[in-house]
Number of protein chains: 4
Amino acid sequence: MSKSRVEAFSDGVIAIAITLLVLDIPVPERAGPHGLAHDLGHNWPHFVAYAVSFLTIGVIWINHHAALRRLIVVDHGVLALNLLLLLFIGLLPFSTALMANFLRRHSGAHLAAAIYAGSFLAMSITFFAMQRYVLSRPGILDPTIDEASRRVIARRNAVGLIPYAVATAAAALSPYVTLAICGAIALYYALPQTTAT
Amino acid sequence: MSKSRVEAFSDGVIAIAITLLVLDIPVPERAGPHGLAHDLGHNWPHFVAYAVSFLTIGVIWINHHAALRRLIVVDHGVLALNLLLLLFIGLLPFSTALMANFLRRHSGAHLAAAIYAGSFLAMSITFFAMQRYVLSRPGILDPTIDEASRRVIARRNAVGLIPYAVATAAAALSPYVTLAICGAIALYYALPQTTAT
Amino acid sequence: MSKSRVEAFSDGVIAIAITLLVLDIPVPERAGPHGLAHDLGHNWPHFVAYAVSFLTIGVIWINHHAALRRLIVVDHGVLALNLLLLLFIGLLPFSTALMANFLRRHSGAHLAAAIYAGSFLAMSITFFAMQRYVLSRPGILDPTIDEASRRVIARRNAVGLIPYAVATAAAALSPYVTLAICGAIALYYALPQTTAT
Amino acid sequence: MSKSRVEAFSDGVIAIAITLLVLDIPVPERAGPHGLAHDLGHNWPHFVAYAVSFLTIGVIWINHHAALRRLIVVDHGVLALNLLLLLFIGLLPFSTALMANFLRRHSGAHLAAAIYAGSFLAMSITFFAMQRYVLSRPGILDPTIDEASRRVIARRNAVGLIPYAVATAAAALSPYVTLAICGAIALYYALPQTTAT
């Protein structure tokens, strides 16, 4: 399997998942008694969840390419881990809609938030596993990447899991905190000078 | 990040957003008392909004490529602004459906039209910001583009914001005027000899 | 605008439109009193319309590439006509769902069939216009294509409009005849040795 | 038709079909009397069917590329068989939703399971037919692939049909057995060292 085909297919799945997010934003059929502005304002969790998930998937896409760029060949292990990663990315329109639907409900908000951050965590763990797999196989990794760089990459990926683990745990306290952490993570990585792209 | 991957991913998101627009056109389940022709005619705002948004996204795609063609490298700033641009393009199936649903309603039509043109304005402002970012960084821009050309590009992008600002403001008067202006902008740019592609 | 980017974007829109067709096939929530087999059998127009539209879009994709392959540059006229072509292709999930919903209804079936075949006709006319535009501009067309080949291409495209015009007109008689003609056209072009790909 | 365009278009359709699967997972609007956890747990067939179909389509994508890599040219026969293959892949979001909806129902479960495994079987048979077509035409196949390799490929593809035929037949006994077999097939091929990629 050539690297460029894996990139093209992964790009496709990621681009589709990111664009399907918009289908989760409800389009009012007609204005309620308080007017359309009120109705749309009431739907703010959908807009916030859209933005947070969009940026998060965008950041994953950037990292995904940085990861693939370091490979010289793609073996079946990379393909299998990449497919699992895409499976979790493909679930994000579901977990985003769930988060937006339940954020303000009395029942289900904590679980929905845990699933939302948990789906980002699952995605990050799979990405971390793919990175570890690649870094430990000399025949796959670009040989110009030295031991020190490999350690930096591995550490950065491991550290990247912590905020999502915190966000998932924070769902027990408040779904708003979970959403805020996920948003902060997305902004932190999306803003310039924070990733080594 | 290689330029070709940014192009491929952006192409993907834009192609998906433009094709998802069709999901906003309601498909009648059965004909009403006045017949199917009447029902479809009644849905004309959906067909008009589909065409206007389709052409607008198509024009943005053309401009997006012209912009990327001028780059020699893609830095994180370009990536971040491009992601924001895609976020607004990704919202267009929502704002298009909103516009089509509310165009003829007593309540909400002005706001829906403002959001519709406003989403095009947000997209154009982000595109303008990306262009300004690129034009001000010598290491990113193709060095064969001289100072005069840079000024022309910057001015053309700034001027391009005005019609969408007018269309957004016109929503206070009439949503039909907003839709007509957006349609006229799309046609103007889509017709031959008006863009320097 | 490079030819390969126009191809990639067009491929994207066509691939998405062809894959969105599946969303028009209703998935029963639970079996009715006559059983699931009966319910699915009752939905046969959706399966037939899916197959006919899928093959038709597939054939248009094949022809689209043959057309682009003959170009040496892409000017704004080609871009504009191509965007119009994609706009009609993007509508096919709507017209396919309309056809499937109304095929057996007392009211609306003739109109739905006319819209179905008419959307294929609109697509073919736009494709024909794009071909004519290209064939009449020496600077765009591959110069190794001689006058005789150009005439063959132009004639084949003009002839290709006739079956869709007949299918659209036949909707006045019977929507079943329209669907059968559209299916026969798709099969004729999809089967080997009938197109000069 | 160049090989790379067939690959790009097929990649697009496969990537979209795999990503549309998420739309079949129901997103609860509000929690029922037993809570959101119970509601989501109740929907487990949707999650299992999502995972099984996602991995299956991923494996087909891997095999599809291995098959195209062996070609030196793409003739109309390959194009037509490939289009038929994509038609069946495009149906999988439908058959997956059907399977998930009916798995636990008294009425329709056996038929839904037969359709689910049957759609994989139809996909595999078309893939097998495309392989046979290619292997029997010297001008299409890479000439460095010798007679022995061709026999191995043909046998492996024929053998690959058996599990799906068994899974389809098993629907008469139990839809759970069908789902389990399909899941086992997907896992077997997705795990490393089982395909000659």
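Biologist: How many residues of chain D are in contact with chain A?

Modeller: 40 residues of chain D touch 32 residues of chain A, with contact meaning heavy atoms within 4.5 Å. This is a predicted model: local features need pLDDT of at least 70, side-chain atom pairs count only at pLDDT 80 or more, and totals for chains, interfaces and linings use all residues. Residues are numbered from 1 along each chain as its sequence is written, and side-chain values use heavy atoms, without hydrogens and water.

Biologist: And how much area do chain D and chain A bury between them?

Modeller: About 2900 Å², 77% of it on carbon and sulfur atoms. Buried area is the accessible area (1.4 Å probe) that two parts lose on being put together, summed over both. In chain D, the residues losing the most area to chain A are D:T19, D:L36 and D:W61, together 19% of what that side buries.

Biologist: How many salt bridges across the interface of chain D and chain A?

Modeller: Two, counting a Lys or Arg side-chain nitrogen within 4 Å of an Asp or Glu carboxyl oxygen. One of the salt bridges joins the side chains of D:E7 and A:R5, at 3.5 Å, N to O.

Biologist: New topic. What rotation superposes chain C on chain D?

Modeller: 90 degrees, with 0.0 Å of shift along the axis and an RMSD of 0.0 Å. That is the relation of a four-fold axis.

Biologist: Why do the copies meet through different surfaces?

Modeller: Because only 10% of the interface residues of chain C are also interface residues in chain D.

Conventions. Chains lettered and ligands numbered in written order. Least-squares fit on C-alpha atoms with pLDDT ≥ 70 in both.
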